[in-house]
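Please review the sequence and the structure shown below before reading this briefing. It is written for a reader new to them.

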Amino acid sequence: MARPSTPQGSLRQRTGPSTKKSDLPSFSPEAELDKLAKAGAQRAAAQYDGDYKIGFVLITILAFVTRFWGISHPNEVVFDEVHFGKFASYYLQRTYFFDVHPPFGKLLFAFMGWLVGYDGHFHFENIGDSYIANKVPYVAFRALPAILGALTVSVVYLIMWESGYTLPACLLAAGLVLLDNAHIGQTRLILLDATLVLAMACSLLFYIKFYKLRHEPFSRKWWKWLILTGFALSCDMSTKYVGTFAFVTIGSAVIIDLWDLLDIRRPKGSISLVEFGKHFAARAFGLIIMPFLFYLFWFQVHFAVLTRSGPGDDFMSPEFQETLSDNVMLANSIDIQYFDTISIRHKETKTYLHSHEDRYPLRYDDGRVSSQGQQVTGYPFNDTNNYWQILPANNAKTAGTNVKNNDVVRLRHLGTDRILLSHDVASPYYPTNQEFTCVPAEEAFGKRENDTLFEIRIEHGKRNQDFKSVSGHFKLIHYPSKVAMWTHTKPLPDWGHKQQEINGNKQIAPSSNVWIVEDIPSLAVDDARRQKPERKVKQLPFLQKWFELQRAMFYHNSKLTSSHPYSSHPYQWPFLLRGVSFWTQSDTRQQIYFLGNPLGWWLASSLLAVYAGIVLADQVSLRRGIDALDHRTRSRLYNSTGFFWLAWATHYFPFYLMGRQLFLHHYLPAHLASSLVAGALLEFIFSSEPVEEPSPKNKKAGSGPRHHVTARERFAGQSLFSSWIACLVVTVVLAAGWYFFLPLTYGYPGLSVEQVVRRKWLGYDLHFAK
């Protein structure tokens, strides 16, 4: 490098300090060499990042190919497309429906249908219905989860990259999801799980990027990734409620992070309690308040779109239903008056309150004795034995007087001219519940007078509110004993004609005690009460509607306990012991059977146990004074890989506490987390070597933001040959498993009996095996 020509005196003043500075820079060999070294390092880093970028592009392309290949097959409704396709149609027709899942994922399907000009005319009634014949843009609908599923593979790769893992580790983790038949199968159909899994993966990625900025708190990037983490968590929870497991994952990591911030011996120095309060408030805002606001926003969209009456009306209160246009309540709700003849129907089971002359047997099968009174049952069909006349408790009420909320009444069965009664006699099936029967009028108005009194208690009713047909959801409370009239679906024996049991439930609160007056048969067609002026649609506050819908969703979700031929238990999922039949076609012997790649699942599940064993062995070794790992390796093993293992645990173990139906697809988020653990352990097992740590004198504590150490820096000068070999071998095995089970995932080609039998590895209940 040319040396500038400068006067001698301008180099240094030896006689004393001078305030005059040189106009030209002085030559420094050390600085020039440092610049050259930095430039070389930057070129090497750019080349190294280029390898990761090539891997990212390759993985993303393959993800889109595997998800979109043959996506138009079959051109029929498959499995739960009958639900989520139907919901998209209801959104496009603005027709109110009810579902136990939050609206975000379904709104995305509706948006896709709107983009392609679909009007929602097809309601996806039955599995096997033709899309072609009904002119449904089903490929566009399926393209949405396929795009999200492909992006999930890319996000898995980015999680490993951002976490500083080697390229083989990134490729292996992404490959376990890329070549997994379950992830592919679930993201090629009109189902919600692609949205759920992508949101879960994004929450992990965004939190990792946020955590890497922990030494730059409250910076713009710090806030950006914090808010994006909260948004991803909200999308996760707004798709399915199992998405709240991601809150547990991120929340656990945040608690550990905040606990570390409290430590006065932190390497970067302690922070004041005021500063800690700011950190706590920021995380609470970004990870709790903001996600909740996003969650509410999707329900606001849900209510804004669904303005017309539809099949979801029956799940909601009359007040809610009156906010919907074309609602049957607005047209058919009639004031009920004393001495009207009414038919009463159970809201949940749709059965009518019924009676006939047959009596209860003297003894039931378990030896208990009945009253041998007249049977009161639930009958599913319209019949004259469903007619009851509503009578006042005393003679003060006259015909033409409206029945009010909390009025005490009697019900007279017209067919047998007897009065409804409940008393302290056990019901046929429930020894703790009271029997319902009917008695003659002389008894009802004589010695049994009190036992025939019932209170009309309108749901969410106001004082002196008129009791109405159709809209007046009510509970019939036995006045002396305070039990609610209730029924259930278990049929009575032959002596009860297989009809439903009616009894008195001591638990009044449950919504299963609610009944509706369906009609007033005694009212003439041209009666003035039937002539209704046109009513305007009412309005309810958003939060009131939201709370009501939440209660209904949680209640009906908890009731999904019935058996299903393809349901499974959580202990079966990591070992892939059974799958789910999605679709079959007998003529071509084609079928879609939801099943993961067994080789990939078994590898990931076994490495979860290996990780637990490594941590346990390390802890035992430390107890015995043996330190086998350097600080950096142990830190990554416990913090980064441990975070992935925590994500798996929080998305898996909570299912053991659930009593509802469970299926293999519930394990997909946990399987994604296990893939991350597998990639991290590949690096630990095949690449991890002790690295000499910098001496304390070379560390500059508090000199600025810490540098996130990349895999290139950690393994500088070390060969990754063994990691690449392991990655290649595993990928080839995964590809073989994916290809072998491909006909069950894509639904074609059809398989012979012998080919089907060869795929029943663990006794999978495949079709066409005979």
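The structure is a predicted model, in which local features need pLDDT of at least 70 and side-chain atom pairs count only at pLDDT 80 or more, while totals for chains, interfaces and linings use all residues. Residues are numbered from 1 along each chain as its sequence is written, and side-chain values use heavy atoms, with hydrogens and water left out.

**Helix 17 and its partners**

- Helices here are DSSP runs (H or I, at least four residues), numbered from the N terminus.
- Helix 16 (residues 631-650) packs against helix 17 at about 160°, and their axes lie 7 Å apart; axes are lines fitted to C-alpha atoms over the stretch in contact, and angles run from 0 to 180 degrees between N-to-C directions.
- Helix 16 is therefore roughly antiparallel to helix 17, a term for angles over 145 degrees.
- Their crossing is left-handed, which means that the near helix is turned anticlockwise from the far one by less than a right angle, whereas clockwise would be right-handed.
- In contact (heavy atoms within 4.5 Å) are T633, R636, L637, T641, F644, W645, A647 and W648 of helix 16 with A670, A673, S674, L676, V677, A680, L681, E683 and F684 of helix 17.
- This contact of helix 16 with helix 17 comprises 12 nonpolar, 3 polar and 2 charged residues; Ala, Val, Leu, Ile, Met, Phe, Trp, Tyr, Cys and Pro count as nonpolar, Asp, Glu, Lys and Arg as charged, and the others, Gly among them, as polar.
- Helix 7 (residues 193-211) meets helix 17 (residues 668-687) at an angle of about 40°, with the axes 9 Å apart.
- Helix 7 and helix 17 are therefore oblique to each other; oblique covers the angles left over once those under 35 degrees (roughly parallel), over 145 (roughly antiparallel) and 65 to 115 (roughly perpendicular) are set aside.
- The crossing of helix 7 and helix 17 is right-handed.
- On the helix 7 side the contact involves D193, L196, V197, M200, A201 and L204, and on the helix 17 side L668, P669, L672, A673 and L676.
- By class, the contact of helix 7 with helix 17 has 10 nonpolar residues, 1 charged residue and no polar residues.

**Helix 15 and helix 16**

- The axes of helix 15 (residues 598-623) and helix 16 come within 11 Å and cross at roughly 140°.
- Helix 15 and helix 16 are therefore oblique to each other, and the crossing is left-handed.
- L608, Y611, I614, V615, D618, Q619 and L622 in helix 15 touch R634, L637, Y638, T641, G642, W645 and W648 in helix 16.
- The contact of helix 15 with helix 16 has 9 nonpolar, 3 polar and 2 charged residues.

**Pocket and cavities**

- Both kinds of space are found on a 1 Å grid over the protein atoms alone: a cavity is a set of points where a 1.4 Å probe fits but cannot get out, and a pocket is an open set with protein on both sides within 12 Å along at least five of seven lines.
- Grid points are joined across faces, edges and corners, and a volume is the space filled by probe spheres set on the points.
- The second largest pocket holds about 950 Å³ of space.
- It has 32 lining residues (those with an atom within 4 Å of a point), and V100, H101, N557, L560 and R660 are the closest to its centre.
- Helix 2 (81-93) and helix 14 (542-558) each supply at least two residues of this pocket's lining, and helix 14 gives the most, with 4 residues.
- The lining of the second largest pocket has 14 nonpolar, 12 polar and 6 charged residues.
- There are 7 cavities of 30 Å³ or more, and the second largest cavity has about 80 Å³ of space.
- D193, L196, D236, V242, G243, F245, H651, F655, H665, H666 and P669 line the second largest cavity, a lining of 5 nonpolar, 4 polar and 2 charged residues.

**Local backbone features**

- A cis peptide bond with omega of about -5° joins H73 and P74, and P74 is in the loop between helix 1 (29-68) and helix 2.
- The peptide bond from Y748 to P749 is cis, with omega near -5°; P749 is in the loop between helix 20 (742-746) and helix 21 (753-758).
- F218, a residue other than glycine, has a positive phi near 70° and is in the loop between helix 7 and helix 8 (220-237).
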